[in-house]
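Please look over the sequence and the model shown here before reading on. The report is written for someone meeting this structure for the first time.

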Amino acid sequence: MKSKIDAAGTGSHSFLIDNFFAIYSNQNGLKYAARSVKNTIKDLKKFRIQSDYHDVEITYDLSNDALSKSKEVLRKLKTF
């Protein structure tokens, strides 16, 4: 798998997310659900980058939103 990740030129998380989306978006009835999960994961990634690398205050509301999104992703992944 490492060679595939290296060949793709992306990080391991992006590689897994993109491959997950590719697999499930081709199955009947899962295209929009897979896209929704992918978009929510991208939102969480943006939040993590913002909180790790930028000088911003992480408020209760922001952290609660991230927690809600992560629970949403887990709930949706259980349906696949």
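## Overall make-up

This is a predicted model, and its protein chain contains 4 helices and 0 strands. Read along the sequence, the elements follow the pattern α-α-α-α.

Of the 80 residues in the protein chain, 16% are buried.

## Helix H2 and Phe20

Helix H2 covers residues 12-25, and its 14 residues should span 20 Å at 1.5 Å a residue, which agrees with the 20 Å between its end C-alpha atoms. The buried residues in H2 are Phe15, Ile17, Phe20, Phe21 and Ser25.

Phe20, which lies in helix H2, counts as buried because its relative accessibility is 18%, and the cut-off for a buried residue is under 20%. When residues up to four places away in sequence are not counted, Phe20 touches Val37, Leu77 and Phe80. The C-alpha atom of Phe20 is separated by 10.0 Å from that of Arg35, a residue 15 residues apart from Phe20 along the chain.

Helix H3 runs over residues 31-53.

Lys38 has its place in helix H3 and is buried, with a relative accessible area of 15%, a value to be read against the cut-off of under 20%. Leaving aside residues up to four places away in sequence, Lys38 touches Ile17, Asp18 and Phe21.

## How H2 packs against H3

Two packed helices are described by the angle between their axes and by the distance between the axes. For H2 and H3 the angle is about 165° and the axes are 8 Å apart. Because angles over 145 degrees count as roughly antiparallel, H2 and H3 are therefore described as roughly antiparallel to each other, and their crossing is left-handed.

On the H2 side, the residues that meet H3 are Ser14, Ile17, Asp18, Phe20, Phe21, Tyr24 and Ser25, while on the H3 side they are Lys31, Ala34, Arg35, Val37, Lys38, Ile41 and Lys45. The residues of this contact of H2 with H3 divide into 7 nonpolar, 2 polar and 5 charged.

## How H3 packs against H4

The axes of H3 and H4 come within 10 Å and cross at roughly 150°, so these two helices are also roughly antiparallel to each other. H3 passes H4 in a left-handed crossing.

From H3, the residues Ser36, Val37, Thr40, Ile41, Asp43, Leu44 and Phe47 take part in this contact, and they meet Leu62, Ser63, Ala66, Lys69, Ser70, Glu72, Val73, Lys76 and Leu77 from H4. The residues of the contact of H3 with H4 divide into 8 nonpolar, 4 polar and 4 charged.

Terms used. Residues numbered from 1 in each chain as written. Predicted model: local features only at pLDDT ≥ 70, side-chain atom pairs only at ≥ 80, totals over all residues. Heavy atoms only, no water. Axes fitted to C-alpha atoms, helices over the stretch in contact; angles between N-to-C directions. Parallel < 35°, antiparallel > 145°, perpendicular 65-115°, else oblique. Left-handed = near helix turned anticlockwise from the far one by under 90°. Contact = heavy atoms within 4.5 Å. Nonpolar A, V, L, I, M, F, W, Y, C, P; charged D, E, K, R; others polar. Buried < 20%, exposed > 50% of the residue type's maximum accessible area, 1.4 Å probe, protein only. Expected span 1.5 Å × (residues − 1).
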